[in-house]
Amino acid sequence: MNPNNAYTGAYGGTGAPPAQGYQPQAYQPQPQGYNPQGHNPQQGYSPAQGYGAPPGQTPYTSQPGFNTGGGGYGGGGYNPQYPQQPGYGAQPGGFVQQGQPQPAYHQGPPQMGSYAASQQIHQQAGPPRTYLGTMLHPSENPLLGPHEQVMSSVDGYNPDADVEKVYKACKGIGTNEKQLNATIIPLPAVRLPVLKNAYRARHAKAMEEVVKSELGGHYKDLMYDLLRGPLYGDVHFVHKACSMGTNEELLTELIIGRTPSSMDMLRRRLFRDCAYLRMLRQDLEALKQALGFFKDDEVRVASILFGRSPAFLHQLQLGYLAEKKQTLTKAVKKHFNGHLCKALLYALEGGKKDTTGCWRDAKFIHKTMAGPGTKDELLTIRVLRAHWNKARFAHVQTAYLTKYKKTMEKAIKGDTSGDFEDGLVALLH
């Protein structure tokens, strides 16, 4: 759910899943007869047959120009070129006859305060990194390339303490609203994705959903919209303004008077949102057919589950459960067996509890020490491979502690000995 590594989808398309922590519009089961081709967010749009670009989370977003599709990995960088616009006071067209002196408004740099002036600065400095006057986290910025869209702290922020404060504020009977306010509200937008990603990795739940279930009324809406951040908040407000009749007043405030760079961010994110939901619906319908009665279309199921990001698979599993009243993992176990079944389940586990695969990796490390005897070779491989990404490995160990009520270090010390034990323990730190 990264975060942002670039991959290539099984269908051959390219794109990227939502940035970590972003949740698209709440999944609503579609009535029978729904035509997935009926929703066309942009004239001439043709949905990708493979991976595409869902709306933003996580360490994995990328967008090669306007090439968007479904929920897969991959994609190329984007180098925006904003069209120059005349500054206030400039005559349309700017035509000057040869031999005539050029008017003053054609001389020198663009007038201060004009969109042309601001866009010239943006082109010189690279893609804009702020929205509504606040810094966006790179994983949520649709104008950055995949090498920059990484789910990590950009200002040295360590979310561990805040994760526990939010968890304790929502734990048990009742909610400590003052603790929530003191923890979440002061955070700048650039830190919110880091906090949400760490919370999901540690507790296998989306912070937004926890807050939503614990609060009520307008206060719930306030905190939920706050956690969306500035850009995803505006995406949500645009959807809201255009649903159940158009709210022209709200739509005007969201669109009119914006700089071209801000509109570019909003437009691209909205377009990817539509592409993401469309791909989600197409994959869901395809899986329902491939896993129907007396059907087990191995190629179709494998191409979807192996070609989608953990963040996309997380939403796909929620949608399947809502419509079929059965988990997707249970359906796979019913229709397949052997190594193919294990491989499909491994892909699904990566997005079942979280969107980063940390919960799955903790589970697989535990399996090497569960029961009589220890699978030393598998334990070595899984711990060694996980330790290279120190930040992610910390989340794997936290997930292990949450799931098994003891630290990974204690478990390893109880199942190994000697120099082998010392080496494995050293990899944990």
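Visitor: How many helices and strands does the secondary structure of the protein come to?
Guide: Keep in mind that you're looking at a predicted model. Helices and strands both turn up in the protein, and the tally is 17 helices and two strands.

Visitor: What share of the 429 residues in the protein is buried?
Guide: To count as buried, a residue needs a relative accessible area under 20%. Run that over the 429 residues of the protein and the buried share comes to 48%.

Visitor: Which residues does V332 contact, leaving aside its neighbours within four places in sequence?
Guide: Leaving out neighbours within four places in sequence, V332 is in contact with L305, C341, L344, L345 and L348.

Visitor: Is C341 buried or exposed?
Guide: The cut-off for buried is under 20% relative accessible area. C341 has 9%, so C341 is buried.

Visitor: How many disulfides does the structure hold?
Guide: You might go looking at cysteines such as C170, which counts as buried at 6% relative accessibility. Still, the number of disulfides in the structure is zero.

Visitor: How far does helix α6 span between its end C-alpha atoms?
Guide: Helix α6 covers residues 217-241, and a straight helix of 25 residues would span 36 Å at 1.5 Å a residue. But α6 bends by about 120° at G229, and the proline P230 follows within four residues. Between its end C-alpha atoms, α6 spans only 20 Å.

Visitor: How far apart in space are L424 and T380, C-alpha to C-alpha?
Guide: L424 is in helix α17 (residues 418-427), and L424 is buried, with a relative accessible area of 3%. Setting aside residues up to four places away in sequence, L424 touches L379, T380, V383, I412 and T416. L424 and T380 are 44 residues apart in sequence, yet C-alpha to C-alpha the distance is 7.4 Å.

Visitor: What is the phi of L132 near?
Guide: L132 is in the loop between β1 (130-131) and β2 (134-135), and L132 is exposed, with a relative accessible area of 56%. L132 is a residue other than glycine with a positive phi, and that phi is near 55°.

Visitor: Is K325 buried or exposed?
Guide: K325 sits in the loop between α10 and α11. Its phi is near 55°, a positive value in a residue other than glycine. Exposed means over 50% relative accessible area. K325 has 69%, so K325 is exposed.

Terms used
Residues are numbered from 1 along each chain as its sequence is written. This is a predicted model: local features need pLDDT of at least 70, side-chain atom pairs count only at pLDDT 80 or more; totals for chains, interfaces and linings use all residues. Side-chain values use heavy atoms; hydrogens and water are left out. Buried means under 20% relative accessible area, exposed over 50%, partly exposed in between (1.4 Å probe, protein chains only). Contact means heavy atoms within 4.5 Å. The expected span of a helix is 1.5 Å times one less than its number of residues. The bend at a residue is the angle between axes fitted to the seven residues ending there and the seven starting there. A disulfide is a pair of cysteine sulfur atoms within 2.5 Å.
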